[in-house]
Amino acid sequence: MPIHEPGRRVAIIAGVRTPFAKAGTTLKALSAIELGKIAVSELVHRTDLDPASLDLLAFGTVIPSVLAPNIAREVALMPLLPKRVDAWSVSRACASANQAITDAADQIALGHAQVAIAGGAESLSNVPILHSRGFSDALVAASKAKTLAQRVQAFGRIRAKDFVPTTPAIAEPTTGETMGQSAEKMAKLNGITREEQDALALASHRNAHAGTVDGRLTAEIAPVMLPPKYESAMTTDNGIRSDTTLEQLAALKPVFDRRYGTVTAGNASPLTDGAAAVLLMREDVARAQGYTPKAFIRSYAYAAVDPGEQLLQAPVLAAPMALKRAGLTLKEIDLVEMHEAFAAQVLSNLRGFESKEWAARAGFSTATGAVDRDRLNVMGGSIATGHPFGATGARVTTTLVNELARRGGQFGLMTVCAAGGLGFAMVVERA
Ligand SMILES: CC(C)(COP(=O)(O)OP(=O)(O)OC[C@H]1O[C@@H](n2cnc3c(N)ncnc32)[C@H](O)[C@@H]1OP(=O)(O)O)[C@@H](O)C(=O)NCCC(=O)NCCS
């Protein structure tokens, strides 16, 4: 596989992200495009990248602006970068930045590119709000009207209910189930208790807080100057709770199944704004330019399950495939980064890793294995840091390669679950 070939491996040079902010708070005035530009320009500056050497920019977003749907191109058109930099946008729900990264890596492995930036951005503070069908039909009819009477007639058809706008739902178009409802279902099917979920959420906050205080997490963050005055900056994630306790978490009411549920605001990832990006290079090109890669992409895999079954369980199928492609087993993995959409999903995924039935579904005769919890999400995860859908994959990648280098481990595994029943896994190897 070309991605393994020494000298031509795909190197991860560095990653940078904006702070992540709960939607509707500190970053609400910035669009996903603006957040993306901040992450990418900081990445270029921090790595001292010669913009002329950049071949492409791939970017993920889940709810794009209807006015500028190719976010990658808008980000690439910032003055810092040459106009000839190829740029395209991808959408694979919460694994969108991972798709951008593997797209860019494939281009490098194929010999089509040598230097790439990949990542993603999301502003859930700025989701498009749509007119209802009745209101849109009236607007179209009015725009075609030739007389004032026809125009008045077009608007006359509008009923009170037509004024109710439509916002994008975090629900499966095929099943109508929301993400939260799916997490509830997974908790029930896999026997995940409320206590386990709250304990995982607590660990997420504690680890993220530790990484913020000692500077490991903060080092991955580009400060964002805040409009309109640009006199103050946001430098750290605002969802991390240093003071949360198991008692506080236990006191929160379930949100998605109020009577029998276990998923709460405390053990779910919050709706978040932010952007993240990584710099990828072909190994020999990186070395020739004086870069020391942090890690190499050793393998990756995508998988899918029926969204009506266990929506967020596909990482369980993707992980053994990625490990096999890497020629490794879970025992050889030093660090695991698992995107935390919900604590119930992480715990279901971990149960799935230990299950022979799930292994068989992925085509393996033995279970993937038990993840050592001391090696899991050691700088926190999406529950604490937040989850700007399109950006998370690049945040996870950055943290994994940085922490792997810091701890001296050799191999890292990351997994990301995504809407549509999709799952992603990637193995990275410390350089
Ligand atoms: C779960 C969800 C509905 C909660 O939204 P919310 O109600 O706006 O959440 P908040 O942050 O306001 O938290 C609600 C309450 O819980 C409290 N709380 C949340 N986390 C807490 C913690 N760790 N410790 C203590 N209290 C906590 C808040 O302080 C707040 O209390 P208040 O009402 O007294 O102010 C929302 O975050 C959500 O939809 N998440 C899932 C997103 C999703 O589906 N993502 C896709 C995954 S791939």
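Tutor: Strand β1 (residues 10-17) pairs with β9 in the antiparallel sense, over two bridges. Helices (H or I, at least four residues) and strands (E, at least two) are DSSP runs numbered from the N terminus, and two strands pair if DSSP finds at least two bridges between them. The bridge partner of I12 in β9 is A295. The model is a predicted one, in which local features need pLDDT of at least 70 and side-chain atom pairs count only at pLDDT 80 or more, while totals for chains, interfaces and linings use all residues. Residue numbers run from 1 along each chain as its sequence is written.

β9 also pairs with strand β12 (residues 422-430), again antiparallel, over nine bridges. Within that pairing, Y302 stands opposite F424 of β12. β9 itself covers residues 295-304, and nine of its ten residues are buried. A residue is buried if 20 or more other C-beta atoms lie within 10 Å of its own, exposed if 12 or fewer, and partly exposed in between, with C-beta atoms placed from the backbone.

G423 counts as buried because it has 28 C-beta neighbours inside 10 Å. Apart from neighbours within four places in sequence, G423 is in contact with Y302 and A303, with A314, P315, L317 and A318, and with T415, C417 and A418. Contact means that the two C-beta atoms, placed from the backbone, lie within 7 Å. By comparison, T264 is 159 residues from G423 along the chain, and their C-alpha atoms are separated by 23 Å.

Ten of the twelve residues of α10 are buried, among them P315, L317, A318 and A326. The cover over the buried residues of α10 includes β9 and β12, along with β11 (411-418), α11 (343-353) and α12 (356-361). Just after α10, G327 takes a positive phi of about 75°.

α11 turns up again at α6, where it is part of what covers the buried residues. Eight of the eleven residues of α6 are buried, including M179, E184 and K185. Just after α6, G191 takes a positive phi of about 65°.

M179 leads on to the ligand: of the 17 residues around the ligand, M179, T244, A265, G266 and A341 come nearest. α6 (179-189) and α8 (246-251) are the elements that give two or more residues to this shell. The shell divides into eleven nonpolar residues, five polar and one charged.

As for the whole, the protein chain holds 14 helices and twelve strands. Buried residues make up 53% of its 431 residues. Of the contacts with a separation of 6 or more, 80% join residues 24 or more positions apart. The C-alpha trace spans about 75 × 55 × 45 Å along its principal axes.

Conventions:
A residue is near a molecule or strand if its C-beta atom, placed from the backbone, lies within 6 Å of it. Ala, Val, Leu, Ile, Met, Phe, Trp, Tyr, Cys and Pro count as nonpolar, Asp, Glu, Lys and Arg as charged, and the others, Gly among them, as polar.
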